[in-house]
Amino acid sequence: MAQEKMAHEAGSQVVERGLPDEEVLYDLADLFKVFADTTRIRILYALMERELFVNEIADAVGISQSGVSHQLRTLKQAKLIRSTRDGKNVRYALDDDHVITMLAQGLTHVTE
């Protein structure tokens, strides 16, 4: 009963504030699509530890460097990772702590 009341109150708040703009909703949907690939999730988990080069990511997730590069492009477009040039090589890292929060919340949700 208490959960129903909380859900009703949360729903009422959405109605009062209104939905986000349609463009924002599309952007949010696109962000969640990025999380729909287990290879990209594994790459994000690997980058939680430290910045990595493409070959290190490939070793960590068990796919080719070209496969990693393709996934990194998608993650970078979604602003989930950032890159830093180190001579001829590029290091990759999570863009910010929000990425860790999203993964942690998702993991909690699916394991409860």
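Let us begin with helix 3, residues 38-49, and helix 6, residues 97-111, which pack at an angle of about 120 degrees with their axes 11 Å apart. Helices here are DSSP runs of H or I of at least four residues, strands are runs of E of at least two, and both are numbered from the N terminus. Axes are lines fitted to C-alpha atoms, for helices over the stretch in contact, and angles between N-to-C directions run from 0 to 180 degrees.

Helix 3 and helix 6 are therefore oblique to each other; angles under 35 degrees count as roughly parallel, over 145 as roughly antiparallel, 65 to 115 as roughly perpendicular, and the rest as oblique. The crossing of helix 3 past helix 6 is left-handed, that is, the near helix is turned anticlockwise from the far one by less than a right angle. On the side of helix 3, I41, L44, Y45 and M48 make the contact, and on the side of helix 6, V99, I100, L103 and L107; contact means heavy atoms within 4.5 Å. These residues divide into eight nonpolar, no polar and no charged. Nonpolar covers Ala, Val, Leu, Ile, Met, Phe, Trp, Tyr, Cys and Pro, charged covers Asp, Glu, Lys and Arg, and the others, Gly among them, are polar.

This is a predicted model, in which local features need pLDDT of at least 70 and side-chain atom pairs count only at pLDDT 80 or more, while totals for chains, interfaces and linings use all residues. Residues are numbered from 1 along each chain as its sequence is written, and side-chain values use heavy atoms, with hydrogens and water left out.

Next, helix 5. The axes of helix 3 and helix 5, residues 65-77, come within 10 Å and cross at roughly 75 degrees. That makes helix 3 roughly perpendicular to helix 5. Here T39, R40, I43 and L44 of helix 3 meet Q71, L72, T74 and L75 of helix 5. By class, this contact has four nonpolar, three polar and one charged residues.

Is T39 buried or exposed? T39 is buried, at a relative accessible area of 15%; buried means under 20%, exposed over 50%, and partly exposed in between, with a 1.4 Å probe and protein chains only. Beyond its neighbours within four places in sequence, T39 is in contact with I63 and Q71.

Finally, the chain has six helices and three strands, running α-α-α-β-α-α-β-β-α from the N terminus on. Of its 112 residues, 23% count as buried.
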